[in-house]
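Student: Hi! Could you walk me through this one while I have it open?
Tutor: Happy to. Let me put it up.

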Amino acid sequence: MADAPALPTHARVVVIGGGIIGCSVAYHLAHMGAADVVLLERDRLTSGTTWHAAGLIVTFGSTSETSTELRKYSRDLYARLEAETGQATGFKPVGFIEVATDADRLEEYRRVAAFNRYCGIDVHELLPREVRALFPLAKIDDMLAGFYVKEDGRANPVDVTMALAKGAKLKGAKIVEGVAVTNVLAQRGAVAGVETAHGTIRCETIVNCAGMWARELGARNGVNIPLQAAEHYYLITGPLQGIGRDWPVLEDPASYGYYREEGGGLMIGLFEPVCAPWKVDGVPQDFSFGEIEPDWDRMTPYLEKAMARVPASQAAGIRKFFCGPESFTPDLKPIVGEAPELANYFVAAGLNSIGILTGGGIGRLLAHWVLTGAPDADVTGIHIDRLHPYQSNPEYRRTRTVESLGMVYQCHYPTRSMQTARNAKRSPLHDRLAARGAYFKDVSGWEGADWYAPIGAEPKVERLSWGRQNWFPYWRAEHEACRNNVILMDMSFMSKFFVQGRDAGRVLNRLSANDVDGERGRITYTQWLNERGTIEADLTVTKLDDAHYLVVASDTAHRHALTRLRRACDGSHAFATDVTGAYAQINVQGPRARELLQSVTTERLSNEAFPFRCAREIDLGLARVLCIRITYLGELGYELYVPAEQATHVYERLVQAGGAFDLRHAGLKALASLRMEKGYRDYGHDIDNTDSVLEAGLGFAVNLTKPGGFIGRDAVLAKKAAGALTRRLVQVLVLDPEPLMFHAEIVYRDGEPVGYVRAASYGFTLGGAVGLAMIDAGAPIDQAWCEAGTWEIDIAGTRYPARASLKPMYDPEMKRIKA
């Protein structure tokens, strides 16, 4: 009988799971100086998913700066690990080629290539004959182009993991195999230790890197980790004459396949458009180095299409058709960060088949986060708190996973919305909006009206594209109605929290950079910062009375903002309540908004009686409604917060009265274009946790002199004292009215790249595509500097003249808002 493993009684950090992610986290914790790091693996290192990964090391392909940097760091780390540890990683920079076979993919890859080059990746666009010169067995008659990165390639996943483990041990980390964590101990809302069959380890922090078991382990502590295992396939052919070990990795998403040399033959990996979830009820605890019986009937059509890209593979014979499980998430992004349910419970799981190629970077990011208390990269898109508990439901995982895995190789159209697991959350007005021709999109699980089809037209997307789609004129009409008349917009999906208690004002003022504890009946726009002075939330606080406040944040910030709020209230006489679903939010916006609203209430709404930022309960028909004069669209406007049970009544009264004002319904496309013309920010899209509130252009919403200060004040003062800013968020407008911007377009000033567009829309009033770009100039940025430069924006490989401004290009003096 084997000796029981010796476990320490205490550790600073316990890492759970010995795949590449867990070993990378342990490696980086140890290298950053953390003492007492323990990694516990239930069986043997790599025994879950890592052992059967394909080992592609690819930096090309993402328009996320965070993801791109994780990929670059991982590739560079794997290249140097052998010299550091003496353990080979099998990394071979044989190169990588992405193939485009249709116009839409060509547009996507040209956009990606421009962004990747800006991030320091040497991407070359190849002609089809150049692709064949590098990969002679590929069929090229239908190819339009290839995108080649010479420095990318392949590695051995097991060897990389073992090298990371060895590197961790060399720096003092303890790695124990054959020990499963049965429970994470908690005390006073924070991690206190872990239990195993071989004893208990008291610890301050745990990192759940349990891969496809992470969801079930998290559930024991109420931690929501909605990932799901699914079948993933690759085929290894018999020997192929002429194939070389130094051939690049080839990827052709339109054929569902990636291709690399393996043992003198070819490995053909598959990401089929309709996948098969595996073990929705739970992954067996004893599943190690396991395989799944391949479903030949289901996979044969996909396999035939993939093999057609390399015709010689069809006659080479099949050495192995492998199926093994990999984990996927609802939005095809990893699950990373501190769980909102339990302090010091960190997660790094759900890597969506890119665990090897980002594993080094994920480990470094998590280690930095654990040891310093904050991430040093934008994590708004991958943070665990973006996800909601209902997404762990079996039906949700079963249906959404089919689509999320299928998205891996689809063309990534920027306007596409997920289609599965829908209608889980609906506004009280949903059926009324549907009757008006609403086309709904997934908005953090809510059904949000994106645009409205006119009478006689069906609300559907005829064909996804990178250009103008069938709904473009509908969108324009909604945008112009808001600028020239009046619109109604359902924003019920916005996150809404009551904060109550005698300490509520003090707690909120400590969290908020602005002074939110002033006079009653007033809304205040503010940011919540961290100690570094960078942004954690962008929201409004309305003081209803001395012990009652309303906080409103975006849908994507729901759990992030609520977690910060509740932790701030802890120990005080202040209580945060999530009332998101209890209230509909109906926005009435546009130059005639006052006239319409005045026609349905006895409350006086004149500029003197109801000024900008005023918040007051009013009568509207038979309902009592909290009416706030504020806008996110750049016009005179009001937000109405209505108890859910009275929402349809209020809506009906507004629509009935709206007939006299030519009221138009407007959706989220109009929201995006209207706010972008005004330069209004959106956290998680154009501002994030790496941005100083000053760099984001939000210094006007910071009160540095209020009594008691606020979290991050010292950092803001230091930034201010350091002098003129050389990094700032700038509004940019394309002067040619034809091209469209979405995200990640590179911005040039005087012929030099100075930044990229973080979010964009189409400015129907301004006459072109408009966006917000973070500019890093290396020189002080002010309005004169913007006006002095010659600006261009790269859109899919073509540079277009542009204009840049720190001031909003639409109504910079806010005359329309305060009219």
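Tutor: A word on terms before we start: helices (H or I, at least four residues) and strands (E, at least two) are DSSP runs, numbered from the N terminus. Also, keep in mind that this is a predicted model.

Student: Good. Where is Ser572, then?
Tutor: Ser572 sits in the loop between helix 13 (558–569) and strand 26 (575–578).

Student: What does Ser572 touch, leaving out residues up to four places away in sequence?
Tutor: Ser572 touches Asp503, Arg506 and Val507. Val507 is also one of the buried residues of helix 12.

Student: Tell me about helix 12. How many of its eight residues are buried?
Tutor: Six of the eight, so helix 12 (residues 504–511) is largely enclosed by the rest of the structure. The buried ones are Ala504, Gly505, Val507, Leu508, Asn509 and Leu511.

Student: And what do those buried residues pack against?
Tutor: Their partners are strand 22 (495–500), strand 23 (522–529), strand 24 (535–545), strand 25 (548–553) and helix 13.

Student: OK, zooming out. How many helices and strands are in the chain?
Tutor: The chain has 18 helices and 37 strands. Its radius of gyration is 27 Å, close to the 28 Å from the globule rule for 819 residues, so the chain is as compact as a globular protein of that length. Along the principal axes, the C-alpha atoms fill a box of roughly 80 × 65 × 55 Å.

Student: What share of the residues is buried?
Tutor: 61% of the 819 residues count as buried. As for the surface, the chain exposes about 30,200 Å², and carbon and sulfur atoms supply 49% of that.

Student: What about the charges? How many positive and negative ones are there?
Tutor: There are 90 positive and 99 negative charges, and their mean positions are 3 Å apart.

Student: Now the inside. Which residues touch the most other members of the largest nonpolar core?
Tutor: Val14, Leu40, Val194, Ile206 and Tyr345 do, in a core of 64 residues. Helix 7 (residues 296–308) gives the most to this core, with five residues. Apart from it lies another core of 61 residues, including Leu626, Leu633, Val757 and Ala760.

Student: Which residues is Tyr345 in contact with, leaving aside neighbours within four places?
Tutor: Among them are Val184, Val191, Ile206, Leu217, Val223 and Ala339. The contacts of Tyr345 also include Asn208, Asn221 and Glu338.

Student: New topic: Met774. Buried or exposed?
Tutor: Met774 is buried, with a relative accessible area of 6%. Its place is in strand 35 (residues 768–776). Not counting residues up to four places away, Met774 touches several others, including Asp691, Glu695, Arg727 and Tyr756. Arg727 is 47 residues from Met774 in sequence, yet their C-alpha atoms are 7.0 Å apart.

Student: Last one: which phi value does Thr46 have?
Tutor: Near 75°, a positive phi in a residue other than glycine. For context, most residues other than glycine have a negative phi. Thr46 lies in the loop between strand 2 (37–41) and strand 3 (56–57) and is buried, at 3% relative accessible area.

Student: And what about Ser353?
Tutor: Ser353 has a positive phi too, about 70°. Ser353 is in the loop between strand 18 (345–349) and helix 8 (355–372), and is partly exposed, with a relative accessible area of 24%.

Notes: Residues numbered from 1 in each chain as written. Predicted model: local features only at pLDDT ≥ 70, side-chain atom pairs only at ≥ 80, totals over all residues. Heavy atoms only, no water. Rg over C-alpha atoms; globule rule 2.2 N^0.38 Å. Buried < 20%, exposed > 50% of the residue type's maximum accessible area, 1.4 Å probe, protein only. Areas by Shrake-Rupley, 256 points an atom, 1.4 Å probe, with all protein chains shown as cover. Lys, Arg positive; Asp, Glu negative; His and termini not counted. Charge placed at Lys NZ, Arg CZ, Asp CG, Glu CD. Core = buried A, V, L, I, M, F, W, Y, C linked by side-chain atoms within 4.5 Å. Contact = heavy atoms within 4.5 Å.
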